[in-house]
Amino acid sequence: MSPTLLRTAICLAMAASAAAVQAAPPTAQGRPAATASTAATPAIDPKAVAALEKMGKYLRTLKNFELKGDTTLEVVDDSGQKLQFPGTVQYQVRPPTGMKLTVKTDRKEREFFYDGKTFTVYGPKNKYYASVDAPPTLHGLIEVARDQYGIELPLPDLFLWGTPDAPTSALTGARFIGPARIDGTVTEQYAFRQDGVDWQLWLEQGDKPLPRRLVITTTDDPAQPQYAADLTWNTNATFKDSAFTFVPPKDAARIQLVEVDVVAVEEDK
Amino acid sequence: MNIHKPVVVLAALCAVTIGLLYTAPADAIQRGARTGINHAHAGGGGARAANVNRPANAGHAANANRGHPANVDHNRDVNRNVNRDVNRNVNRDVHRDIDVDVDVDNHWHDGWYDHPVATAAAVTTAAVVTSAVIGSIVYSVPPSCVTSVINGIAYQQCGNTWYQPQYAGTTVQYIVVNPPG
């Protein structure tokens, strides 16, 4: 390229980028440009939002399903170093009144039972169980478990997507990233942002848009710890009605499940 | 070491902030990633059954339209969410006090990954103590304690001291109680 041509090319490039900066809204720029200006208003791609809504709608149609999750939780320690802790989650669900959940990590194992009337926490190794009256729906249980008993059931979003409690109005960013293969299945990767969290979702292609992977990045923490879950589904599970009702083993002992408020009162004493 | 010092305030604070995956000692500054994006708001915690089917939008009108014309009201949820999680913390040192038998889970610590902190706190303070106060809370009891079930309630008897286990969140705590009669 001759010097003259080179100058011309540079001038054209500069002019073009200047025009882009002045004229184009962030959404009209190519992906690299949008990435470069992350501080600007993130784009909300209606197609990404539609995919999220479609998934939520589909999840709410499931009648009897099993779900296994391989999870990784990051914790930021005193020094600012992130540590990872793996675990597994196994749900058996018959909405809206049946749920059995097993959660395991290297340090704890718990089972949870919900049959529309009673919520039970059981430690298979310590043999302690606690049962309390429960709300009439799983959706209500998620809230009561969290607010009243301080138990955050894992992957709550799986039960909230497709309901008013997962409003797409909270999104400040929504993008389609591209196709991705998870465990042999072709999925579509999406990236979303909202206050406090950036999150990514991998949805199966086709008419059964199951979430196969979820990554949540906590953005209001400077270390930005992440939680990731790989999900395996069985949407045609069969359960006995008794599957969701806890029957204490002979050697199990009943203890109390403390209400968060009760504990707070004790604190004042 | 038979008797553990009560760590009442610390324990209570821990219990308040418990999540399934988190337990938060008051003085810890570590924190875990959030594990959920959205929060259920089916109704109030107190009158649970009555409110479960209340439309999620009810009662949130004050926050309508803040920057989100398409939908109403959940700004409140987002803020609340943030506050909850920011205060959660965990784990000073996973390998600390590894000999403490908590919860009989794997003969390791109680806590999905976190409880070692609470254990450590309880045990650390235990060293300087000589008596257990009724109503105080510890996160572990000595291995020499004996499990007794009296009137359907489980206790741990450790010499003259009786503990009543309870779940605070998913973590087992032991409250010092009067000997059951």
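Where is Ser144(B) found in chain B? In this predicted model, Ser144(B) sits in the loop between strand 2 (137-138) and strand 3 (146-150) of chain B. Ser144(B) has 10 C-beta neighbours inside 10 Å, so this residue counts as exposed. The cut-off for that label is 12 or fewer. Cys158(B) lies 14 residues from Ser144(B) in sequence. In space, the two C-alpha atoms are 6.8 Å apart.

Most residues other than glycine have a negative phi, and most peptide bonds are trans. Lys127(A) is not a glycine, yet its phi is positive, at about 65 degrees. Lys127(A) belongs to the loop between strand 5 (118-122) and strand 6 (128-133) of chain A. Its C-beta neighbours inside 10 Å number 17, and therefore Lys127(A) counts as partly exposed.

Gln224(A) also carries a positive phi, near 50 degrees, and is a residue other than glycine. The loop that holds Gln224(A) runs between strand 10 (211-218) and strand 11 (226-234) of chain A. Is Gln224(A) buried or partly exposed? Gln224(A) counts as partly exposed because 15 C-beta neighbours lie inside 10 Å. A buried residue would need 20 or more.

The bond from Pro95(A) to Pro96(A) is cis. Its omega is near 0 degrees. Pro96(A) is located in the loop between strand 2 (82-94) and strand 3 (98-105) of chain A.

Definitions and conventions
Residues numbered from 1 in each chain as written. Chains lettered and ligands numbered in written order. Predicted model: local features only at pLDDT ≥ 70, side-chain atom pairs only at ≥ 80, totals over all residues. Helix = DSSP H or I, 4+ residues; strand = E, 2+ residues; numbered from the N terminus.
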